[in-house]
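Please examine the structure shown below together with its sequence.

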Amino acid sequence: MLIIFGGLPGSGKTTTAQALAKQLKAMYVRVDTIEQALRNSDVLKADEGPAGYMIAYGVAGDNLRLGQTVVADSVNSIRITRDAWLSVAKRVDVRAVEVEVICSDKAEHRRRVETRMTDVEGLVKPTWDKTVNRHYDDWGTRPLVVDTAHKSVEDLIAELIVRLALNQE
């Protein structure tokens, strides 16, 4: 199975995706880590563009072919990247589930964005202004929506595991 996470920076997406991957003993693919490695390599002198996502799609596909569940973690703010993740699952003939992570409490969301530390060396986290002004396509009715505003990570993961089981195709 490919579990495709998306959501604005500071929504709790990475915390939730990592916790789910750990619980499921799944492979974890994070676009932020790949993009920062590209920047650190000095191979790309300008914006990395779609390179990080393209690498992530390949790594995810390799692991899905090996029979691994993959948790993909990225902002996934535009429909083209979401559709590309779905294409990875389709090519490998595995189930894909999209999970949009939100934080409905705007004050809490802002606090997270403004106070969180990076866990990827060299990665500069976006400001609150950049977060709320980011282009972010509506997901429509496709994803499972997880609201991290007032639940513990443990409760979110327990709920998500139940919802993933009920969302069988």
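Two strands are said to pair if DSSP finds at least two bridges between them. Helices (H or I, at least four residues) and strands (E, at least two) are DSSP runs, numbered from the N terminus. This is a predicted model, in which local features need pLDDT of at least 70 and side-chain atom pairs count only at pLDDT 80 or more, while totals for chains, interfaces and linings use all residues. Residues are numbered from 1 along each chain as its sequence is written, and side-chain values use heavy atoms, with hydrogens and water left out.

**Overall form**

- The protein contains 7 helices and 5 strands, which follow the pattern β-α-β-α-α-β-α-β-α-α-β-α along the sequence.
- The radius of gyration (taken over C-alpha atoms) is 15 Å, close to the 15 Å that the globule rule gives for 169 residues, so the protein is as compact as a globular protein of that length. The globule rule is 2.2 Å times the number of residues to the power 0.38.
- Along the principal axes, the C-alpha atoms fill a box of roughly 40 × 40 × 30 Å.
- Among contacts (heavy atoms within 4.5 Å) between residues at least 6 apart in sequence, 74% join residues at least 24 apart.

**The sheet**

- Strands of a sheet pair through backbone hydrogen bonds, either parallel or antiparallel.
- Here, 5 strands form an open sheet in the order β2-β3-β1-β4-β5, with parallel pairing.
- Strands β2 and β5 (144-147) stand at the edges with a single partner strand each, so one side of each is left without a neighbour in the sheet.
- Strand β1 (residues 2-6) is joined to β3 by 4 bridges and to β4 (residues 96-102) by 5 bridges.
- Residue I4 has A72 as its bridge partner in β3 and E98 as its bridge partner in β4.
- Strand β2 (residues 27-30) is joined to β3 by 4 bridges, and the bridge partner of R30 in β3 is D73.

**Helices against the sheet**

- Helix α2 packs on the sheet and touches β2 and β3; its direction makes about 55° with that of β2.
- Helix α4 also packs on the sheet, touching β1, β3 and β4, and its direction makes about 170° with that of β1.

**Burial and nonpolar cores**

- A nonpolar core is a set of buried Ala, Val, Leu, Ile, Met, Phe, Trp, Tyr and Cys residues joined through side-chain atoms within 4.5 Å.
- The largest such core has 19 residues, of which L2, Y53, A56, L64, V70, W85 and V88 touch the most other members.
- The elements giving two or more residues to this core are β1, α2 (31-41), α3 (51-65), β3 and α4 (79-92), and α3 gives the most, with 5 residues.
- Leaving aside its neighbours within four places in sequence, V88 is in contact with L2, Y57, A60, G61 and L64.

**An exposed residue**

- Residue K130 is found in helix α6 (residues 128-132) and is exposed, with a relative accessible area of 58%.
- K130 and R82 are 48 residues apart in sequence and 21 Å apart in space, C-alpha to C-alpha.

Note on methods. Buried means under 20% relative accessible area, exposed over 50%, partly exposed in between (1.4 Å probe, protein chains only). Axes are lines fitted to C-alpha atoms, for helices over the stretch in contact, and angles run from 0 to 180 degrees between N-to-C directions.
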